[in-house]
Amino acid sequence: MNRLSARLAMLLLAAAALVSPARADLKKLLAAVPDDAEAALLILNVNDLASGVSAFGKGAKITDWAGFTGPSLLAAIDFPYPTDGLDLAAGLVIYAREGDDEPAAILFPSDMAAWKRTVVAEDAADGLFKLGGDVAGWGALRDGRIIVAEEKERVSGAKFTGKFAEKAGSLAALERSQIIAVADVAAWRESVRGSFELLGTLIEMSMAAEAGADEDDIAALKQIGKIVSEGALQALDDCDRVAIGVRFGGEAARCAVVAGFQGSTAREVGKLKAADRDILRGLPGGPALMVAAFETVEPMPSGSMWERLLGEFIKSGLKTQSAESVGKVEDAMKAWAKFSAQTTGTSVAVIPAGDRLAVISQHFSPNPAESARQIEEYNRLSSRLSRDMSGATIEESSEEVAGRRTAISTITFEDGSEEAAMISAVYGNPMFVAVAETPVGVGVAMGSGAAARRGIKDMIELKADAGLSTSTLGETLRRNLPPRPLAAVLLDVTEFARATMRIVQVMGLPVPNVRFGPSGPIAIGLYAEQGVLSLEVHVPTSAVRSISEAMERLMGEEEDTPIEQ
């Protein structure tokens, strides 16, 4: 029996090898990138990529993507070199340096003579040849691979010592990808920084030029922009490499992003340890447009960029930037910092609530009762800002919900403003926020009065083995993302589209009659380890198909049907 099982296993392994498309070894492909490259696009098997894109296109009903072959896919992306005489299964490399007008390429020949005839190659000295016909540039055969570029010196001076592979670092997370992009961030840092700073200048100029713009509002927005800019530029300065890998298939497309850091950013990333707990726990089950959650082993340190941003956003809503008003904001933020210092993470779900939306969230805490007292103090200090805020009034009260003392904030927005019209359409006006202690921490529910009370009641009463974790969304996260994400996002594009159209109807605007088909949620996971951040994205074909079919119906290819409620 053991001998039979061993033979069967060998047969299965041989069959798998026969049916799996040949792929270039990633290390071998990286070694084929010249030392002077500062960014490279690696296609491990052009035919495999074409088959995957075609399968995804068929599954997602993207007509232009269906039926690709290796050569036709390269033609679709305007690859300049002919494919006759090339071994597309052996891979392909397109690489560039910062400031290049055109990228260069590394090709793998199956019939070198045939390819040279196709490009009307004219042999020159030192093993080089000049490309003719419709293709300009120079080429050479080096160690079984063709290097082609516009500049002769770039071809003749190419060296292959593995320098680029060394800078790329570990790409183990991308090994199953069909196409991988790798960038040496140091080479592009100044141009990226310049573009970022130019964007910031243009935004400031547009704010200053806006008719009737308030000086305090402009100053507050500039301060928010400054905080974001400082954080982004610090991360850019510390980032030394970025790599992106994508794989297409008939059921889904997967994308993985890896970013390596040094300096202070690497130290901060190193502190992020994902908790070995279910980050969706405590959220009630049922349909959701979007779910987002994160949790670390230890509470996040106070004084983070996010806390600074929250304080600046609150200040931006003040009627005047007086010392008294700003002082009240600072007092509230100190209370929020104490609350945050006791929480290890947060989960949030945006859910349908009749013809509007509601938001429910859990702030995870090892001591729910103490955290509930701390957020109550934050609410007390925040309510002092009611008379200082423009556009809204806040009233605080408390009541018992599901046997728990629950703080209720009633926020009434001034009629006539664009913000009030939008918030009223999405959540209702007044908007209610209910806060209470729950089994996993502190629950917060926001929406209409009924939606907020129902949301907080569900979170208080939810049992450990129920809720969103055991729903289709929870199963999607576990099935489609690697285990133990630091943070995760689940987005149901169909529910999102339906809700958006209902809200547009509530606002009194015309809405086309569209029916959306079923779809699976898009899943995104964030991971951190030893100064490296990685992102995993899973996009099911059903999510894209639902939208593409709806657009076909909208364009009249099928009879219009009423929007689903």
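In this predicted model, methionine 205 is found in helix H8, which covers residues 185-209. Is this residue buried or exposed? With a relative accessible area of 53%, methionine 205 counts as exposed, because the cut-off for that class is over 50%.

Attention now turns to the aromatic rings. A pair of aromatic rings is described by two values, the distance of the centres and the angle of the planes. In this structure, 7 aromatic pairs are counted. One of them joins tryptophan 65 and phenylalanine 248, whose ring centres are 5.9 Å apart. Their planes meet at 85 degrees, so the pair is classed as edge-to-face, given that angles over 60 degrees fall in that class. The two partners come from distant parts of the chain, 183 residues apart: tryptophan 65 belongs to the loop between helix H3 (46-60) and helix H4 (70-76), while phenylalanine 248 is part of strand S9 (residues 239-248).

How accessible are these two residues? Tryptophan 65 is partly exposed, at 30% relative accessibility. Phenylalanine 248, at 18%, counts as buried, because the limit for buried residues is under 20%. Ring pairs also bring in Phe56, which forms a cluster with Trp65 and Phe248.

Arginine 145 is placed over the face of phenylalanine 160, at 4.3 Å from the ring centre. Arginine 281 lies over the face of phenylalanine 364, and here the distance to the ring centre is 4.0 Å.

Technical notes
Residues numbered from 1 in each chain as written. Predicted model: local features only at pLDDT ≥ 70, side-chain atom pairs only at ≥ 80, totals over all residues. Heavy atoms only, no water. Helix = DSSP H or I, 4+ residues; strand = E, 2+ residues; numbered from the N terminus. Buried < 20%, exposed > 50% of the residue type's maximum accessible area, 1.4 Å probe, protein only. Phe/Tyr/Trp six-rings, centres within 6.5 Å; stacked < 30°, edge-to-face > 60°. Lys NZ or Arg CZ within 6 Å of the ring centre and 35° of its normal.
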